[in-house]
Amino acid sequence: MAFSLLAPKPVGAVGGQSGSVRGVLGTVLRYTVLVIAAVLFLLPYYLILRNGLSSEHDITSPNWTFFPSSLHWENLGELFSDPSVPMGHALLNSGLIAVVQTAGQLLLGSMAGYGLARIPYKHANKVFYSVLVTLMIPSAVTFVPSFVLVSSLGWVSDLRGLIIPGLFSGFVAFLFRQFFLNFPVELEDAARVDGLSYWGTFWRIVFPNSLQFYAAIAVITFIAAWNSFLWPLVIGQDPSSWTVQVALSSFITAQTINLHEVFLGAAVSILPLVLVFLFLQRYLVEGVAQTGIKG
Amino acid sequence: MSETQTSTVAPAARSAARKAPVRRKNRQVRGRTGAFWLFVGPFLVGLAIFIYVPIVWSLVLSFFRAQNTVVPDVFVGIKNYVDMLTDSAFLSSLGTFTLFAIFIVPTTYLLALGLAVLINRARFARTFFRSVIFIPAACSYVVGSLVWKLSIFNGVRFGLANTLIATFGADPIPWLSATGGFPWYWPVIVTARLWLQVGFYMILLLAGLQQIPSNLYEAAYVDGAKPGWQTFVNVTLPGLRTATVAVLILNLINAYQAFDEFYNLLGNVPYARPPLVYLYYTALGASQDYGHGSAGALILAVLIAVVTIFQARVLGFGRASD
């Protein structure tokens, strides 16, 4: 790297001009913009907490206060005992749907991806194209036809209708296929020589060595399932089958609303995602890079 | 299969030598076929039932009258399509989408790029800033709409935006109704989506920035390119081409499918109703008109495909350099 010797400054500092007045000014300016952006991006979270723990009177007061005069933790009990919006049940539904869909999409999608990437079969290409075609069809556009199917199965307002159609993601299968194409084939060959079948090779060699990729896709899938709205809205017509997003939406569009309840509901609904975010951010970032760039 | 290899062997020996491998080969092929379907079969069956069957069914329904029933009723030919394409509400929903895309795609890209560059340059607290900008990407559009509608852009006096403009002595703005004369709902809708999605695209661009080889910057520096704008235009932007194409295409496809925030912020209003919201009310609202709903969904699917392909061509997706 002869150039790096010639270059008088570390690459990261190109344009940074550290040390000079202009450089310091630039740094200050950049951080000012970043801090303003950070405050603006965090503002909605602050509003959710502020309103969720305020009394109704404090929220609707014409005099804006950044910190409510007192925090009303009892709002939490009120939220879960409100009969008009079954928040507790909705959280359970959402949790169940998100977990089962994540597990199902990963299991079915990774198996399909492995088969397409590694098992020679003369019609494998045709099968792969039939998966690719589904990527070209935006999922949101298929909600009318899918509803037609699910309603004729009698799965409206039913967990089966909410979960089962979402178990098969062409996108997840596609991502796993691309990933397994780059999996070190020597490892698999060694396993095959030792007499393992494709099934054994997959579960005992390939799967345990791909956990990081599984985690990345799982985080993305879980968040998408937890946040999805259109399909649960279409299928969840009875309050007993509402997900947390549908419950919140019914709050928004209700005639009379208790603002503190709505915001506390929002806070509760994003709690699982904040936890995922705090503990699995590494996988999340990787998942986004994977799904975005390759998609 | 491999006959040419055995052509030098004597005929009798050849046929004997050939049979065993062929049989073994057949068994192997059968084993592979079985394994293939073991792995791919369950997924493919689900895909067929829950993606292909509905689409074909919907295609059939789109040529029939099917109201309050999901069973084809009376064959009407292309009438449903003609109805949809001459339906002013459907056409205006396409107009709404176009306007939305014009607002949201460039603003998202520029904001995500700006933040990605700033974060990439940051020498300390870089992870902090990246996380803060990225966190909303994990938030649901329902929650975003909720905060925007009931707190920030609440049309009454205690809304945050109205509180803010009141300090300048201005009257409260009815943000989400069309009564103000000015379409105030557009800034509300656009900023909501910006907050929700900029972080996602920022991560993509940040990943792109980090893939630009550092020796390109060194070479540019040696060649006398001024650090800053010149380097940015000549090294950074070209290096980000793949990421840029991905961001723009994903962004447009997502904008096409906008539903959550329009539904929750505005509901079934005639003035800003994107295609999916309109289809939702046509097919699943009071009218339960699956014939027209299916025709509309298919028209939309074709439009998205055409626009995506056109955009990919214009941006040169899939060129040799990718």
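**Chain B and its interface with chain A**

In this predicted model, the end C-alpha atoms of residues 131-148 of chain B are 21 Å apart, and the span is 67% helix and 0% strand. Helices (H or I, at least four residues) and strands (E, at least two) are DSSP runs, numbered from the N terminus. Local features need pLDDT of at least 70 and side-chain atom pairs pLDDT 80 or more, while totals for chains, interfaces and linings use all residues. Residues are numbered from 1 along each chain as its sequence is written, chains are lettered from A in the order in which they are written, and side-chain values use heavy atoms, without hydrogens and water.

The unreviewed UniProt entry annotates residues 131-148 of chain B as "transmembrane region", together with 34-55, 94-119, 184-207 and 297-316; such annotations may be inferred rather than shown by experiment. Residues 34-55 of chain B are 100% helix and 0% strand, with 29 Å between the end C-alpha atoms.

Chain B also meets chain A. Contact, meaning heavy atoms within 4.5 Å, joins 86 residues of chain B to 101 residues of chain A. The buried area, which is the accessible area (1.4 Å probe) lost on putting the two parts together, summed over both, is about 8900 Å², and carbon and sulfur atoms give 81% of this area. Phe39(B), Phe43(B) and Phe50(B) supply 10% of what chain B buries against chain A, more than any other three residues. Helix 1 (residues 11-61) of chain B gives the most to the side touching chain A, with 23 residues.
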